[in-house]
Amino acid sequence: MTAVEVLDPPPFAAPLRAVDRIDLLPAEPGGSTRVRAVKTVRVTDPYLGGHFPDLTMLPGVFLVEKVRQVAAAVLGPRDGAYPEVRELRSARFLLPMLGGEEISSDIELTGTGTDADEVEAAVRCRRGDGRPVATLALRLGWGAPDAP
Amino acid sequence: MRLDHAAIRDCLPVRHPMLLVDRVVALEPGVSITAEKAVTGSEPCYQRLPDGLPPDRYAYPSALVLESFGQAAAVLWVHTGRAGAAELAEVLMLAGFRRCRVEGRVFPGDVLRHEIRIDQVVHGNAFSSGATYVGKRRVASMGSLVAASRPRSSVTV
């Protein structure tokens with residue numbers, strides 16, 4: 001598998017470095033980009049000391065941040081802007097992600113051609129013992145967010 | 001009904017810097033809540049950020065807007081009577097989201113105002129929806145959010 005360099009620190013406001021390692025998975029015939037992104041939950045990460053004081057758990061929303069940072073690293077900026085979350089279509093959090101656990105996320109990015117200004121991300125997350133912890137579907141885009 | 005910061009600490013288990021609700025300006029238990037969170041440049045998400053980046057890079061992370069909204073929904077849920085303060089040995093968790101759209105950027109100095117209503121409570125799961133504003137500008141619409149209370153023992157075992 002080919003490694004993709006993690007943005008550390010990310011060149012935008014971010015609650016934490018949400019991914020430790022990114023590997024490209026073999027491409028599908030359909031043209032989507034598939035990656036595996038791994039993050040170990042650490043009590044020393046910013047914000048995690050307060051979530052919770054006596055029990056470290058990765059907040060589910062930090063998986064949204066993980067997808068954002070992975071998309072930024074894999075797809076890169078356009079006209080100076082990195083891809084941002086435009087819609088969290090769905091997210092299901094199935095099991096807690098405790099301190100010390102390694103959370104592995106398989107992320108499929110579609111619509112990643114150079115002329116597409118949006119991409120869809122389908123995400124399945126597992127912890128070290130292989131049990132699913134979360135599934136997400138997001139739409140990301142470059143430039144201004146959707147108008148209300 | 002309003003809640004000051006002390007009252008919010010009484011009903012949410014999260015703490016600095018993850019406590020992302022500052023005050024509740026309106027609360028009708030079991031029905032709706034309006035809660036505020038002030039965004040500042042002194043938050044940890046700005047700590048490692050270099051100077052001289054394009055202005056949009058200083059936008060407040062959407063993940064934290066979602067988390068703040070979820071915490072405000074949890075405050076409302078705690079006041080529905082399902083889970084009172086006595087049950088806060090339980091861990092409040094976000095179980096899911098649907099159709100949450102980012103509609104505007106948020107920067108230090110902005111005050112997020114979450115307007116949330118409870119749509120349904122089923123088996124300890126609360127379904128909420130609403131929107132987040134900065135002044136009159138809507139910055140996010142939240143189609144559905146599911147909050148769940150899980151016993152601490154089920155999390156740590």
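**Core, fold and chain contacts of the predicted model**

Of the 83 residues in the largest nonpolar core, those that touch the most other members are A:Val64, A:Val67 and B:Val75. A nonpolar core is here a set of buried Ala, Val, Leu, Ile, Met, Phe, Trp, Tyr and Cys residues joined through C-beta atoms within 7 Å. A residue is buried if 20 or more other C-beta atoms lie within 10 Å of its own, exposed if 12 or fewer, and partly exposed in between, with C-beta atoms placed from the backbone. Helix α2 (residues 62-78) of chain B gives the most to this core, with twelve residues. The model is a predicted one, in which local features need pLDDT of at least 70 and side-chain atom pairs count only at pLDDT 80 or more, while totals for chains, interfaces and linings use all residues. Residues are numbered from 1 along each chain as its sequence is written, and chains are lettered from A and ligands numbered from 1 in the order in which they are written.

Chain A contains one helix and seven strands, arranged along the sequence in the pattern β-β-β-α-β-β-β-β. Helices (H or I, at least four residues) and strands (E, at least two) are DSSP runs, numbered from the N terminus. The C-alpha trace of chain A spans about 45 × 35 × 30 Å along its principal axes. Of the 148 residues of chain A, 41% count as buried. Two residues are in contact if their C-beta atoms, placed from the backbone, lie within 7 Å. Among contacts in chain A between residues at least 6 apart in sequence, 63% join residues at least 24 apart. When neighbours within four places in sequence are left aside, A:Val67 is in contact with A:Ile107, A:Ala121, A:Val123, A:Leu136 and A:Leu138.

Between the chains, 36 residues of chain A are in contact with 42 residues of chain B. On the side of chain A that touches chain B, the elements giving two or more residues are α1 (61-75) and β4 (84-93) of chain A. The most is given by β4(A), with ten residues. The residues of this side divide into 24 nonpolar, five polar and seven charged; Ala, Val, Leu, Ile, Met, Phe, Trp, Tyr, Cys and Pro count as nonpolar, Asp, Glu, Lys and Arg as charged, and the others, Gly among them, as polar.

Seven of the ten residues of β4(A) are buried, so this strand is largely enclosed by the rest of the structure. β4(A) pairs with strand β7 (residues 132-141) of chain A in the antiparallel sense over eight bridges, where pairing requires that DSSP finds at least two bridges between two strands. A:Leu88 stands opposite A:Leu138 in β7(A).
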